[in-house]
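Please walk me through this model. Start at the metal site, then move to a helix.

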Amino acid sequence: MKIILSSKAHHATIIKFMLADEAKRSPAPAIADFKGEKDEVAVRYNGDRTIIYCGLGEKSKYSTLQIRAAAARGIQKAIDLKRGDVSLVSPQVLSRGEAEACLEGVLLGADKFTKYKSDKPKTPVLVEMVTKSPRPVLRTLQAVCDGTLAARALVNENAHTIVPEYLARYARRICKAGKIACTVLDEKELARKGLGLIVAVGQGSPHPPRLIIMEYRGDKGTKNKTALIGKGVTFDSGGQNLKPTGSLETMRQDMAGGAAVLGIMQALGTMKPKINVVGIVPAVHNAIDGTAYFPGDIYKSYNGKTVEISSTDAEGRLILADAITYCQKHCAPSRIIDLATLTGAILVALGDTIAGLFCNNDELARALFNAGEKTGERLWRLPLYEEHHEIIKSDSADLCNTSKLKKGTAGSIAGAAFLEEFVENLPWAHLDIAGVAYNEKTARGEVPQFGTGFGVRLLLEYLLNYTE
Ligand code: BES
Ligand code: ZN
Ligand code: ZN
């Protein structure tokens, strides 16, 4: 889909926006039976023109979130109507941020997972944005949205295609295109170097593990560098602690953190901002065969701490622990942000629209929170105290990969506490995205059904605006 800016509408299909205050204005409503409510879409015909009206809700509650979602609904309606070229008349008096949100809504909202559908919808080829507002920076916007679509597509594709080596090949490809340094450690190097936890989780699969390291250096004048680490479990069967039917069907999403990191690196390669970022993806298939790791066994991590495996289904924290250690030993990060579909418990705590944030640094937590509010990929901070480290101690090893607390209590905190055991003295944030990475329901504005690409826009916003 091509986006252009224009000062006049040229196409027969026009998307327009309206506030509830405006639609209801007495004496006669502006458009019959249209209230301008948030989520509301109405189609009206005028000669050969089709006008798609999108409600923005009350002015008092109006923000970029409403614009983004309304624009997504508008373009989805144009897709339903099989329209090729569309004019999008932006809401009046837009700030640059609002104009960008509007286009983001279009680019993100038009994306639907239809690869395996025989009857594919027709996506508009050209969207012309008619606006008098400050001109959005199309190149940046497009790169950010492309990164999000790439992350979604990686999540949605079959788990028998997206194996660890596939992610490694994908990383090599985007790094080559974006002039980013890329290193991939295979299972032999991982074993030789002693990344015992990644090796253990990956050993039960015919698709061996990989550790992918992508170094983007946009500012050679500084050592300041942000590390992003994404959980890349290409399918999480649970291993010997096999997941039941009902929990398995969506587990190809378990590399969503890794997919987001790949999407971000891809966008950085296109945008070339003046910052330094290292992206790391520990990629494994948590499978079950005769060689799979056993519950009760003890393995040694890359930093030397031993771990009793109390559940082979708490595998994300194991591979992330070794990736965090690797990052600190070899990449000299100024701060680390990991994102992972780590615990089902985060869904219990925060639902499917907000991700959990755990952080050892108030400034970093605040910056990430603000980036979340701006992008609509929201975060809520949860506590992580000294006492939480007690619950992951083991009687037979240094650590245990599940909590000693009663089942169903503080599960997400236990996962975060485990990760923190491997963090040295530097700012670190952990985003638990298990609730938000995959939408099992129907599309919600710019959030599609299936893989959502959560984290790409959030972290690019953070990287581009909060790191100096
Ligand atoms: N990949 C899962 C978490 C998950 C659940 C992601 C639902 C997306 C949707 C993770 O590896 C897992 O199995 N966690 C366990 C941890 C438990 C064994 C301590 C869980 O959440 O039950
Ligand atoms: Zn698991
Ligand atoms: Zn998992």
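In sequence, the donor residues of the zinc ion (ligand 3) follow the spacing K-x4-D-x17-D-x60-E. Donors here are N, O and S atoms within 2.8 Å of the metal (3.2 Å for Na, K and Ca); water is not among the atoms, so sites may look incomplete. The pair D254 and E315 links distant parts of the chain, 61 residues apart. D254 sits in the loop between β10 and α8 (256-271), and E315 in the loop between β13 and α9. Helices (H or I, at least four residues) and strands (E, at least two) are DSSP runs, numbered from the N terminus. D254 and E315 are both buried; buried means under 20% relative accessible area, exposed over 50%, partly exposed in between (1.4 Å probe, protein chains only).

The model is predicted: local features need pLDDT of at least 70, side-chain atom pairs count only at pLDDT 80 or more, and totals for chains, interfaces and linings use all residues. Residues are numbered from 1 along each chain as its sequence is written, chains are lettered from A and ligands numbered from 1 in the order in which they are written, and side-chain values use heavy atoms, with hydrogens and water left out.

The zinc ion (ligand 3) is held by K231 (NZ), D236 (OD), D254 (OD) and E315 (OE), at 2.0 to 2.4 Å. Its 6 donor atoms subtend angles of 77 to 175°, so the arrangement is octahedral.

The zinc ion (ligand 2) is coordinated by D236 (OD), D313 (O), D313 (OD) and E315 (OE), at 2.0 to 2.2 Å. Here the 6 donor atoms subtend angles of 74 to 170°, which makes the arrangement irregular. D236 counts as buried because its relative accessibility is 3%. For E315 the value is 0%, so E315 also counts as buried.

Now turn to helix α5. Residues 164-178 form this helix. Its buried residues are P164, L167, A168, Y170, A171, I174, C175 and G178. They lie on the same side of α5 because they cover an arc of only 160° around the axis, taken from the directions from the helix axis to the C-beta atoms. On the other side, R173, K176 and A177 are exposed. The buried residues pack against elements including β10 and α8, where contact means heavy atoms within 4.5 Å. Just after α5, K179 takes a positive phi of about 55°.

Key. Four donors count as tetrahedral if all angles lie between 85 and 135 degrees; four count as square planar and six as octahedral if opposite donors are over 155 degrees apart and all others between 65 and 115; anything else is irregular. The expected span of a helix is 1.5 Å times one less than its number of residues.
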